[in-house]
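Hi everyone, thanks for coming.

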Amino acid sequence: MSAVSQVYQSHPFHPPLSILTVRRRISNILAIVLTTIFILFTVGILLYLISYVLVQGLHFINLDFFTQVPTPDGAPGGGMGQSVQGTLILVGLATLMGVPLGLFTGIYLSEFGQGHFAASIRFLVDILTGIPTIIFGLFVWGLIVVPNHSFSGFAGGMALGIIMVPIVTRTTEDILRLVPRETREASLALGATESQTILRVVIPSALNGIITGIILAMARVAGETAPLIMTAFGTTYWNADITQPTDALPLGIYNFSHSPYQEQVNQAYAGAFILIMLIFLTSFAVRWATKGFEQTNR
Amino acid sequence: MEQEQKVAVHVEHLNAWYGKTQALYDINLTIAPLSVTAFIGPSGCGKSTILRCLNRMHEEVPRASAAGLVQIEGVNIYAHSIKPMYIRLHIGMVFQQPNPLPTRSIWENVAIGAQINGLAKGKALHERVERSLRQAALWDEVKDRLHSSATTLSGGQQQRLCIARALATEPKILLMDEPASALDPESTFKVEELIQELKKQYTVIIVTHNMQQAARIGDTTAFFLKGHVIEFGETQHLFTHPQKQETEYYVTGRFS
């Protein structure tokens, strides 16, 4: 009988504390401790960020913030109403321009994307997700702003829309690929064409994830500042005309944060808080709204 | 055309490939209407492949191809002028894993085949759904919750739902790829009973890795090995007096 089996014979449920077990226990505890530290670190940073902005900005959130525009030259009062309005307009415009393109590209890559052409498209899309967003601003500046001799909300929306395209493409493709082959085969075996299968079976199964992807892309571009600097430019007046310069929350925060007037700096904090809240609310809204579409995979 | 009435499926010189690997070699088979034919054989022998060639689902796998003559009720389904989706309308298929469409209700699952192909609308559609669910022995269990999600059913019920879904397009032939292998024994029994009822109206071809199942429900059996049909004949005869040695080895359990 070998030494090991001898030992296990006499200690059936309590193997002796050999070096191996001690080492395993130590590395186990070490792993748990390290991961806990890192989690606390990450969450801690997030909480600190939010609470800092909250503390600084919550104070100054009032109705005026949403209903007033900045006062001239530091007169008391005023708000960032035009920034909020602008953000809504620009994100809406961006969604209209960027989502259809991203959606259809994602559908193409997922359903028909086996060849070299599709691989190149996928590669280009991946590159696009990594390009600094100010470059998109520059592109739209050269394309739209300069020939028209005017900053405009349309240019800003277009820049944001282009930024949305690769994000929506990626999430759409990934989500569609997750629809199991069996579901597609079930549809094909009933005599459905490819397009019927895609439209009536595959996309509805993935709708949950697709909508999530779109809304998260919207939240992402809501915070973009650099591409708007040379396209929408910003303004201190109410503006619903997209052929004119339009403001946005990130732009407003940027402009106000180095204002010489303390009141406007405070309002910048308030704006930052509103922006963070907007993104939070978006995430919650997405989770709440898509609960009904859960698919159970056996 | 008496020959067509005696023959539901006629396969001649069928070969199939996955990419460059050949999976089926020169298959020749004739299947009588209103019967149950079982395809048996060890894993990888090609029985699922030939089943999927019968409704042209095989070519949906990337880089897969097939060549040969397959006549369903006299029509060569591999003829150039025939679109695969038209064929699949007339041939129902049930898969190994129950695959109800997850975001649709029970009613919608059964109706979708008819809706996609524009076969029925309104009241006629509802009658069709009820008829299919009755034929699949599921109507009594679901008639009060037709609009709840299909995923709330048990495994056995989901499989019967898939059978109802396949029957809703009123096919002539029903192909079943190991329909009971993922089910518990009680559900398996129900499905086998169902097949005995269905053969009065449909021609059923069932792939099974369970020899006893083939012996229980098959009128005829085909034994496949490594892409070839080794033997094909009346079930009882094949099991009790196999003509080829490989068949004998398989049915006596020498290899599986």
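First, the housekeeping. What you see is a predicted model, where local features need pLDDT of at least 70, side-chain atom pairs count only at pLDDT 80 or more, and totals for chains, interfaces and linings use all residues. Residues are numbered from 1 along each chain as its sequence is written, while chains are lettered from A and ligands numbered from 1 in the order in which they are written.

Okay, strands. When I say helix or strand, I mean a DSSP run, H or I over at least four residues for helices and E over at least two for strands, numbered from the N terminus. Two strands pair if DSSP finds at least two bridges between them.

Chain B has an open sheet of four strands, in the order β2-β1-β4-β5, and the pairing is antiparallel. Which strands stand at the edges? Those are β2 (21-31) and β5 (75-76) of chain B, each with a single partner strand, so one side of each has no neighbour in the sheet. Further in, β1 (residues 9-18) and β4 (residues 64-72) of chain B run antiparallel and are joined by eight bridges. If you want one pair to look for, take Asn15(B), whose bridge partner in β4(B) is Ala67(B).

Now over to β8(B), where the pairing is parallel. β3(B) is joined to β8(B) by four bridges in the parallel sense, with Thr37(B) partnered by Ile205(B). β7(B) also pairs with β8(B) in parallel, over five bridges, and there Ile173(B) has Thr203(B) as its partner.

Is β8(B) buried or exposed? Mostly covered: five of its five residues are buried. By buried I mean 20 or more other C-beta atoms within 10 Å of the residue's own; exposed is 12 or fewer, partly exposed is in between, and C-beta atoms are placed from the backbone. In a regular strand the side chains alternate between the two faces of the sheet. Here, Thr203(B), Ile205(B) and Val207(B) point one way, Val204(B) and Ile206(B) point the other way, and all are buried.

Thr203(B) counts as buried because it has 24 C-beta neighbours inside 10 Å. Leaving out residues up to four places away in sequence, Thr203(B) touches Ala8(B), Ile31(B), Pro33(B), Leu34(B), Ser35(B), Lys172(B) and Ile173(B). Touching, or contact, means that the C-beta atoms, placed from the backbone, lie within 7 Å.

On to helices. Which residues of α8(B) are buried? Val191(B), Leu194(B), Ile195(B) and Leu198(B). Seen down the axis of α8(B), these fall within an arc of 100°, so they line one face of the helix; the arc is taken from the directions from the helix axis to the C-beta atoms. On the other side, Pro185(B), Glu186(B), Glu193(B), Gln196(B) and Glu197(B) are exposed. The buried ones pack against several elements of chain B, including β3 (36-40), α7 (155-167) and β8 (203-207).

α7(B) is mostly covered, with twelve of its 13 residues buried. Its cover includes β6 (91-94), α4, α5 (122-135), α6 (139-142), β7 and α8 of chain B.

Next, how the chains meet. 21 residues of chain B are in contact with 19 residues of chain A. On the chain B side, α3 (84-90) and α4 (106-116) are the elements that give two or more residues, and α3(B) gives the largest share, four residues.

Last thing: phi angles. Most residues other than glycine have a negative phi, and most peptide bonds are trans. Phe233(A), not a glycine, has a positive phi of about 70°, and it lies in the loop between α10 (226-229) and α11 (249-257) of chain A. Arg56(B), also not a glycine, has a positive phi of about 55°, and its loop runs between α2 (47-54) and β4 of chain B. Arg56(B) is buried, with 22 other C-beta atoms within 10 Å.

Terms used
Contact = placed C-beta atoms within 7 Å.
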